[in-house]
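Walk through this model region by region, with the sequence alongside.

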Amino acid sequence: MPSGAQGQVRGAGALLAILRDGQARTRGELAQLTGLSRSTVSQRLDGLMDHRWVVAGEGSISSGGRPATMFAFNGGARVVLAADLGATHARLAVLDLGMTVLAERAVELPVDQGPERTLGCVVDAFHELLAATGREPVQVCGVGVGLPGPVEHASGRPANPPIMPGWDGFAVPEWLGARLGAPVLVDNDVNIMALGEHWAARPEADHLIFIKMGTGIGCGIISGRRLHRGAQGAAGDVGHVRVPASDAPCRCGNTGCLEAVAGGASMAAALRAAGVEARGSRDVVALMRAGDLRATRLVRQAGREVGTVMASIVNFFNPSIIVIGGDLAEAGEQVLAGVRETIYSRSLPLATQHLGIRVSELGDRAGVIGAAVMVVEHVLSPDTIDRIVTK
Ligand SMILES: [Zn+2]
């Protein structure tokens with residue numbers, strides 16, 4: 001820990017963060033690292049153990065002859081529920097606070113049937129998953145949900161989501177919280193995918209951009225290892241950036257949007273106009289894999305269009321890594337080639353010198369893992385812990 005931060009380490013929550021990181025394991029190490037007295041450290045640890053956030057055991061580190069007591073974060077004591085809702089499918093999971101997946105399931109669940117029916121199915125599925133893990137509802141300490149549309153960050157409510165009729169302004173956190181008995185955090189699907197990918201595959205990256213290329217296009221921004229949501233939660237909505245030399249009509253009412261030329265829906269429409277059966281981005285990728293040259297050309301061109309917009313973002317934001325996810329990421333090198341080609345030719349050399357451009361490692365699990373990351377980080381944040389542990 002940098003010496004400048006020592007003066008801020010006061011509460012039990014800060015000690016828990018140190019134990020989670022593995023920076024210290026004994027009273028002596030905690031006292032040395034934080035500058036707190038051993039008696040204060042002991043008092044804080046007692047508070048954390050009362051709430052079962054921390055467990056103690058005899059260790060092998062010797063201090064003056066006898067073994068010191070070792071303290072460890074008790075990640076298995078509680079569980080979180082995580083759900084990633086897409087347009088037609090959802091993925092749900094139960095994880096412990098150490099991010100171990102205890103149960104996971106993908107279900108067909110269209111969001112266009114409205115919030116109460118959709119979320120009712122989510123509640124039922126969570127109860128079934130919990131039962132499968134042998135955990136009790138009382139052990140649930142938080143719920144994370146990703147939605148396929150804009151979400152106002154402060155309230156957790158969807159804001160004019162284009163593919164979710166009946167959801168505008170719906171109080172998702174309150175509705176779910178009343179039925180699941182735990183705090184509920186809601187964010188858009190791209191933000192939680194960025195969180196999941198960063199946690200699982202790129203924790204060393206300080207500045208990461210996650211681009212979802214599916215039916216629509218959006219990006220999640222990790223800045224200084226934290227999700228950047230912007231003032232209202234609308235940051236990263238690149239799908240409606242104007243692409244030069246295009247007047248293709250977009251579902252938002254404008255023309256020439258990135259999504260209207262490079263989104264899965266527009267590619268499928270282009271294929272249908274050429275007499276090829278294609279309903280969405282998954283069909284486009286399947287056709288490409290089957291060797292359809294029109295689909296392959298469309299995917300590469302979509303990569304170039306996205307790369308052109310991303311080149312400006314690379315100059316502006318200087319990320320260390322760009323991760324491509326969503327259905328089009330399944331196209332692998334075909335889509336990466338187009339993205340790389342334009343970013344490397346149009347961004348400043350200093351910004352691209354060490355820039356990595358990859359496809360998502362978690363694939364369609366990025367969202368559900370990220371929803372869990374969002375909740376675990378909230379539940380275990382020093383502020384939250386200090387409110388619970390008052391010793
Ligand atoms: Zn648009």
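Where is the place of R91? R91 lies in strand β4 (residues 89-96); strands (E, at least two residues) and helices (H or I, at least four) are DSSP runs numbered from the N terminus. The model is predicted, with local features needing pLDDT of at least 70 and side-chain atom pairs pLDDT 80 or more, while totals for chains, interfaces and linings use all residues. Residues are numbered from 1 along each chain as its sequence is written, and side-chain values use heavy atoms, without hydrogens and water.

The side chains of R91 and E104 are joined by a polar contact of 3.0 Å. Leaving out residues up to four places away in sequence, R91 also touches D84, R105, D364 and V368, among others; contact means heavy atoms within 4.5 Å.

The largest nonpolar core has 50 residues, and L48, W53, L97 and L380 have the most contacts inside it. Helix α13 (residues 366-379) gives the most to this core, ten residues. A core here is a set of buried Ala, Val, Leu, Ile, Met, Phe, Trp, Tyr and Cys residues joined through side-chain atoms within 4.5 Å. Buried means under 20% relative accessible area, exposed over 50%, and partly exposed in between (1.4 Å probe, protein chains only). Beyond its neighbours within four places in sequence, L97 is in contact with residues including W53, F73, V376 and L380.

The zinc ion is coordinated by H240 (ND1), C250 (SG), C252 (SG) and C257 (SG) at 2.0 to 2.3 Å. Their spacing along the chain is H-x9-C-x1-C-x4-C.

Methods. Donors = N, O, S within 2.8 Å, 3.2 Å for Na, K, Ca; no water. Polar contact = N/O pair within 3.5 Å; in protein donor to acceptor, adjacent residues only side chain to side chain.
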